[in-house]
Amino acid sequence: MRRIEHPELGIELWQGTLPNGLPIYVVPKPGWRKCRAAFVTDYGGADRRFALDGETYDTPAGVAHYLEHKMFDMPGGSVDDVFAARGANANAYTSEAVTSYHFTCADKFEENLRTLLEFVSTPYFTPETVEKERGIIGQEIAEFEDDPGAAAYMGCMRLLFGAGPLGDMVVGTAASIADITVETLRACHKAFYAPANMALCVAGDVDPEAVERAAAEVLPAERASRPVRDYGPEPGLEPLEKRCSRTMDVSAPLFCAGAKLGPAATGPDGLRQRLTAELAMRCLWGRSAPAYLELYEKSLLNDSFRFESSYAGGEEYIYLEGESADPEAALAALLAAARRDIDPAFFDRQKKALYGGFIRLLDDFWELTESLADGCFNDFDLFDAPAVLESLTCADIAAWAARLTPERVALSIIRPKEERS
Amino acid sequence: MPGVFVTCVRTDKFRTGILSLHLLTALDRQTAAQNAALPGVLRRGTVSAPDLAALAARLDGMYGAHIEPSVRKLGEIQAVGFTADFVDVPGRDLLGPMAELMGELLLAPNTRGGLLLPGYVEGEKRKLVDLIRARMNDRAEYAQARLVELMCPGEAYGVDALGDEASAEAIGYVALTRHYKALLAASPIEIFYCGSADPARVCAAMTDALVPLPRGEIDFGIGTDIRLNTVDETPRTFTEEMDVSQGKLVIGYRMGQAMEDPDMAALWVTDALFGGGWPCKLSANVRERLSLCYYVYSELDRMKGIMTVASGIDPADYEKTLAEIGRQLQAVKDGDITDGEMTVARAAVSSHMLSLTDDPAALEKFWLEQNLLGLDYGPEELAALAEDVSREDVVRAAADIQCDAVYFLYGGEEEDAED
């Protein structure tokens with residue numbers, strides 16, 4: 001393990017890679033009670049087609065998430081009980097890009113860490129347990145389908161990408177998960193859960209060397225090959241269709257607007273791409289931005305408005321979502337902001353605020369460990385963020401914003417039933 | 001200052017400082033919406049930073065500090081005010097300016113002729129009405145809110161933290177200004193700080209910030225009425241339809257005799273064991289054994305003595321789920337609890353409490369509740385108490401739990417349309 005000091009941030013990072021290819025990141029936090037470990041695989045809902053050792057696989061929507069549910073089964077029962085008996089809180093989530101298994105605990109960190117490494121690296125599935133899960137995941141899917149915010153988001157992703165790795169729900173549908181079997185899960189585990197395709201990220205008052213030792217002892221020693229992903233042809237910058245809407249039981253129209261920004265970069269450019277997007281969106285649409293304040297004062301946007309940039313399936317894309325009496329008018333005003341000049345003093349304040357946000361991220365164990373994994377899979381150093389942020393200029397933001405022409409932006413709307421005509 | 005209470009957690013551990021201020025008032029249908037609108041109106045502008053843009057510029061200049069309106073329901077007390085978080089690292093001391101801004105927001109709003117600005121009041125009133133209406137967009141939260149409303153029609157607890165739509169619609173700037181002044185004069189105030197500054201500095205900063213605070217006759221009588229028994233002999237059942245495929249089941253229970261002289265640690269552990277922890281009786285049986293749902297959990301309001309259980313299910317499984325939840329509660333009452341289950345529940349509570357000490361925002365919520373309950377022990381003490389809770393303590397806490405109401409939200413016949 002290598003120790004890298006960041007005195008200006010008052011933090012140090014320990015970093016190393018095991019012979020089996022597993023990257024490890026530890027941020028010691030002396031004096032904290034809570035520890036968090038995230039064991040993350042570079043495998044998400046978008047990784048549906050892939051090749052491994054000469055064989056190609058085409059898997060249905062929802063496999064990565066189904067696998068996440070089933071990993072908690074061990075030959076002796078559910079691993080939940082093991083964590084729970086030690087008061088640890090273990091959970092997992094699957095996004096378009098990654099599956100993350102994690103726990104937080106206030107006690108017995110090393111034992112919990114070993115349990116985490118053990119269960120994530122042990123594929124134990126039986127036809128009965130795989131079948132039993134279908135009812136539980138079926139209800140999770142039903143919950144998503146009833147959720148108007150999720151419906152607006154999925155509508156937007158469909159407009160941008162069509163059916164496929166990014167246009168389908170990460171959880172899949174009742175139909176797509178119907179045929180998932182023990183074999184499907186086993187093949188995906190073999191392809192994506194090899195240590196070289198994963199990252200172990202830890203924050204807390206822990207001994208970095210002990211983390212490395214535990215990982216070396218629990219995980220397989222050999223270095224397996226990594227799968228080759230196939231996301232299909234480059235989707236282009238224009239949405240497949242620009243508008244969609246449906247009605248649901250909602251109090252006011254909900255919207256989700258989105259745009260594709262082209263291939264996701266890796267290496268230092270990956271970090272620059274993320275920070276540019278974050279700063280640009282803050283300048284254009286953040287809580288201090290003139291466009292947001294005007295729309296808020298006109299009651300065309302409220303506190304539910306939010307935006308995000310995403311990196312998955314080899315693509316960079318953004319989405320803006322919220323509630324508005326007139327989503328078209330709100331979107332037009334938000335896009336008009338992309339063509340306005342940015343006041344340099346305002347720009348400097350936004351940079352300062354984003355820097356403050358980065359400092360606070362260092363206390364947020366969830367964000368910190370997940371961001372370290374993101375940096376690992378995309379080959380950049382998270383702690384370069386202050387320097388990269390400092391180097392960004394008004395011109396960078398203007399260039400970013402110039403790509404957001406109205407014909408590149410898709411809009412999905414969920415309308416209340418009374419509005420139906 | 002009379003009726004102003006300060007709680008400080010001094011630590012150098014975090015890079016984030018937290019400061020909050022809440023006015024405490026009795027939760028009441030007549031005033032809840034007005035109270036809920038106030039922090040939003042005050043947050044629109046002050047004498048020195050007259051609008052949102054000026055406030056935003058000031059906060060961005062403080063490394064992106066936040067100060068947001070806060071509206072909470074704590075038992076039958078409504079707490080309204082502001083919560084702030086800001087960078088707290090050596091050389092960037094923001095306590096002074098944040099305290100000053102908080103005082104300004106509370107006491108020096110942008111007014112004309114002594115009245116809150118009609119435009120600000122109108123805008124925030126619209127927002128409040130939208131927020132109240134938008135409860136339905138989150139199906140699970142809506143079902144929870146409806147259960148409470150329907151279960152407690154004659155109790156202040158049945159009132160939502162935001163009030164109701166009709167009272168929100170009735171808000172006007174003249175009446176709201178009058179209400180604001182009365183609230184300032186009569187409400188006890190709770191201030192919380194967590195960060196690197198000494199308590200003495202915090203008190204001094206807040207005392208300076210609150211110099212213009214008018215203090216009249218302070219209403220120290222506010223509190224929560226705990227109803228021990230159920231409203232009817234058998235549980236009341238409520239069903240409502242919405243265009244959803246998954247049904248939302250919420251069950252409300254009264255904790256009964258356990259609230260006479262509540263053993264808080266036992267209540268926490270009982271809730272964790274039954275449905276508040278993971279795994280627990282409900283997750284192991286309703287979810288894992290019977291595959292009836294993705295989520296099922298219980299939540300205990302230790303101020304009011306009401307526990308709720310919520311789950312999302314296939315409407316066809318309604319009876320089966322209800323029966324299984326009842327069976328699991330009976331098992332807790334009967335002491336049909338394994339050593340393993342006891343260990344897990346104790347560990348869940350104690351670990352949750354210890355983790356709070358690393359989370360300034362969670363500490364803020366914890367201490368406000370403790371202060372209102374008149375309890376002076378911290379999360380570490382509660383963690384230790386939880387470790388000592390026995391099976392008998394759990395059985396005693398659960399003995400008199402009675403189901404008072406069942407609420408079910410499920411899909412009607414209508415199909416949604418693509419257009």
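Between which two helices of chain B does the loop with B:Pro279 lie? B:Pro279 lies in the loop between H9 and helix H10 (281–289) of chain B.

The views below show a predicted model, in which local features need pLDDT of at least 70, side-chain atom pairs count only at pLDDT 80 or more, and totals for chains, interfaces and linings use all residues. Residues are numbered from 1 along each chain as its sequence is written, chains are lettered from A and ligands numbered from 1 in the order in which they are written, and side-chain values use heavy atoms, with hydrogens and water left out.

**View 1. The cis peptide bond at B:Pro279.** B:Trp278 and B:Pro279 are joined by a cis peptide bond. Its omega is about -5°. Helices (H or I, at least four residues) and strands (E, at least two) are DSSP runs, numbered from the N terminus.

**View 2. Packing of H9 and H11 in chain B.** Helix H9 (residues 264–276) of chain B packs with helix H11 (residues 318–333) of chain B at an angle of about 145°, and their axes are 10 Å apart. Axes are lines fitted to C-alpha atoms, for helices over the stretch in contact, and angles run from 0 to 180 degrees between N-to-C directions. H9(B) contributes B:Thr270, B:Leu273 and B:Phe274, which meet B:Ile325, B:Gln328, B:Leu329 and B:Val332 of H11(B); contact means heavy atoms within 4.5 Å. By class, this contact of H9(B) with H11(B) has 5 nonpolar, 2 polar and no charged residues. Here Ala, Val, Leu, Ile, Met, Phe, Trp, Tyr, Cys and Pro count as nonpolar, Asp, Glu, Lys and Arg as charged, and the others, Gly among them, as polar.

View 3. B:Val202 is found in helix H8 (residues 199–209) of chain B. With a relative accessible area of 0%, B:Val202 is buried; buried means under 20% relative accessible area, exposed over 50%, and partly exposed in between (1.4 Å probe, protein chains only). Not counting residues up to four places away in sequence, B:Val202 touches B:Val6, B:Cys8, B:Leu95, B:Tyr193 and B:Ala197. From C-alpha to C-alpha, B:Val202 and B:Thr7 are 9.6 Å apart in space, and they are 195 residues apart in sequence.

View 4. B:Gly75 is buried, with a relative accessible area of 1%. Leaving out residues up to four places away in sequence, B:Gly75 touches B:Leu27, B:Tyr157, B:Thr224, B:Asp301 and B:Met303. B:Gly75 and B:Leu27 are 48 residues apart in sequence, and their C-alpha atoms are 8.5 Å apart in space.

**View 5. Positive phi at B:Tyr63.** B:Tyr63 is not a glycine, although its phi is positive, at about 50°. The loop between helix H2 (52–61) and E3 of chain B contains B:Tyr63. B:Tyr63 is buried, its relative accessible area being 17%.

**View 6. Positive phi at B:Ser291.** In B:Ser291, a residue other than glycine, phi has a positive value near 50°. B:Ser291 is found in the loop between H10 and strand E10 (293–301) of chain B. The relative accessible area of B:Ser291 is 17%, and the residue is buried.
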